[in-house]
Amino acid sequence: MTHLSLSNVSKKFVETFAVKDFNLAVERGEFVSFLGPSGCGKTTTLRMIAGFEAPTAGKVILDDVDVTSKAPNQRNVGMVFQSYALFPNMTVAQNIGFGLRIHRESEAAIKQRVSEMLALIHLEKRGSNYPHQLSGGQQQRVALARALAIHPQVLLLDEPLSALDAKIRVSLRAEIRSIQRALGITAIYVTHDQEEALSISDRIVVMNAGAIEQVGTPFEIYNFPQTAFVANFVGTLNTAEAEVIDPSKGLIRMDAVQLESDSPEIKSGQKGEKITIAIRPERLHFLSEGKRANVFECKIENITFLGSVVRVQVSVGNVKFNNDTFNNPFLELPKIGEKTQITCARDAVLVLKN
Amino acid sequence: MRKINLWAWLWIILGGLYFFGPLYGALDFSMREKRGILSFVAYENVLKDPNFRDSFTYSTLIALATITVGLILIVSTAYWVHLRLPQARPIVDFITLLPFVVPAIVLVDGFIQIYSGPPFALTDTPQGTNVLLMFGYIVTAMPYMYRSVDAGLRAVDVRTLTEAGQSLGAGWITILFRVILPNIRTALLSGAFLTFAIVIGEYTFASLLARPAFGPYMVLLGQDRAYEPAALSIMSFALTWAAMMLIQFLGRGAPGQGQVAGAH
């Protein structure tokens, strides 16, 4: 059942569209991430859901109620900001209880709810501290508790982890996800960090230049990118120009190399059609592993050690590809300048829409 | 290294002499009303003078009214500019600097021209003239008041705090009084005390509007007496310092924005 829907939502600033024809239906309890580079319109869309920006066109429907023209304080939407936005003059407990006081809850109910929230974020003993006495991670947990305390219909998170260091970011995103799951609350999460979006979301909305590029589960977005933008923005990707040779057999030519692909775009294409193909680095393998579908002669150009992964750059004719291989202490790496063969499965060759 | 310290001390001593020398001179002079001995006779004379009490009380009341109305006008304007019209900030900055450019004598003359006849004949009654005086003082103190409030608002993330309050269900007034104002407390106090200091010593407005304020009283006293004006100067210094210490005292509990390093 749709809990939040945005239909044909647009936002124009002077002459520029920050968001254009945005359509999305979010299920109750779903965790949806808006992913994209700076200026792609993800935060503007979130702010329109919160009511901080009025859409130029379109509707925001929450629980079957049109909230498009409602003020932010009439929407019952919890918001977590990148800069925490805790009230510096109030203690942690007062911050968490602020929304409840505004809603004129009884003192006993406020106390009870604040205790629950402090327990939820594991800061039971920090209720009397001021925000400046907490670390960044703790402050953001308090901001989360404050947003959840009012029982919002939707929880909005605007790059909540951007200001934190890498380790805290990883642990806090897991905490946010587990709290969201435990409470069953619908959440919209804005991020430019693909790893964050892939790890935390039920679905990802990839945005570019104010428009949706693709909506899908993290698995779909990563493995089956539908556009060149998504493919390049999410993960690392090898792309190359190619030409369809035989659509029925999925046969294409890239530079001087012939490739086979299962992609339906090739099967439905025309002979001689120019296409852009994409292959994930981890789907390329050196031939010793016995994969024979697509075999190319290549030359080792560079080897980069990335910790858990070793990235080998090879040239196939004029095209340069990256191959990612999981690191292990017994890994035998080729030498730079060495000539060898590389292969990938038919289903690893994707076709991108431009 | 030692050379730098000597220079530093030299400048400190010179600065101290520059500031405290005249003050010491005034203090010494104010206590020499009785020949040959140091006494507080001049201070007693000032404090016993009913005109001192009346003019000081009058100016204090006008100062309080100026601070109250001024804060309402300036805080709401500065808050709105920060929140909704950041592009208008240079214009507002320019407007708030105008009292530095327009002399008080020109301003009060303009006031008298406009408000001495219908439709706004404020100078016809003492209450009306008091209101006119208060608004004149609001204009005069505006550069100081606005800058204090503006600096306070710049130090907090007004927009995000307001949006956080709104997302929790609060309206503008609640956010302003429960979130924004407590966080700019020191700035408000600083603006208020600067305004108080300006109003207490102001002469031109009060004199030309013929109000019994403290500024004209001090000038009058300076014309008639020798030691009492010096005593008044010391008293106003003491008052200003007391106000400054009060700002420090009331502002010291203002919560900071810093973060405890490593307290994850």
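This is a predicted model: local features need pLDDT of at least 70, side-chain atom pairs count only at pLDDT 80 or more; totals for chains, interfaces and linings use all residues.
**Exercise 1. Find the order of the strands in the five-stranded open sheet of chain A.**

*Solution.* Start with the order itself: the open sheet of five strands runs β15-β19-β16-β17-β18 in chain A, with antiparallel pairing. Its edge strands are β15 (284–286) and β18 (319–326) of chain A, each pairing on one side only. From one strand to the next, the twist averages 45°.

Residues are numbered from 1 along each chain as its sequence is written, and chains are lettered from A and ligands numbered from 1 in the order in which they are written. Helices (H or I, at least four residues) and strands (E, at least two) are DSSP runs, numbered from the N terminus. Two strands pair if DSSP finds at least two bridges between them. Angles run from 0 to 180 degrees between N-to-C directions, with axes being lines fitted to C-alpha atoms, for helices over the stretch in contact.

**Exercise 2. Follow the pairings of β16(A) and β17(A).**

*Solution.* First, take β16 (residues 294–305) of chain A: six bridges join this strand to β19 (residues 339–344) of chain A, running antiparallel. Within that pairing, A:Cys298 has A:Thr340 as its bridge partner.

Next, look at the other neighbour. Six bridges also join β16(A) to β17 (residues 309–316) of chain A, again antiparallel, and here A:Thr304 stands opposite A:Arg311. The two strands form a hairpin with three residues between them, and A:Gly307 in the turn has a positive phi of about 90°.

Last, step on to β18(A), which pairs with β17(A) in the antiparallel sense over eight bridges. A:Arg311 stands opposite A:Asp324 in β18(A).

**Exercise 3. Describe the six-stranded open sheet of chain A and a helix that packs on it.**

*Solution.* The order is β6-β7-β8-β3-β9-β10, with mixed pairing. Its edges are β6 (77–80) and β10 (211–216) of chain A, each pairing on one side only. The twist averages 20° from one strand to the next. Inside the sheet, five bridges join β3 (residues 31–35) to β8 (residues 186–191) of chain A in parallel, and A:Ser33 has A:Tyr189 in β8(A) as its bridge partner. Helix α4 (residues 136–149) of chain A packs on the sheet, touching β6 and β7 (154–158), and its direction makes about 175° with that of β6(A).

**Exercise 4. Which residues of α5(A) are buried, and which exposed residues lie on the face turned away from them?**

*Solution.* A residue is buried if 20 or more other C-beta atoms lie within 10 Å of its own, exposed if 12 or fewer, and partly exposed in between, with C-beta atoms placed from the backbone. By that count, the buried residues of α5(A) are A:Arg169, A:Leu172, A:Arg173, A:Ile176 and A:Gln180. They lie on the same side of α5(A) because they cover an arc of only 110° around the axis, the arc being that of the directions from the helix axis to the C-beta atoms. The face turned away carries the exposed residues A:Lys167, A:Ala174, A:Ser178 and A:Ala182. Just after the helix, A:Gly184 takes a positive phi of about 65°.

How values were computed
Two residues are in contact if their C-beta atoms, placed from the backbone, lie within 7 Å.
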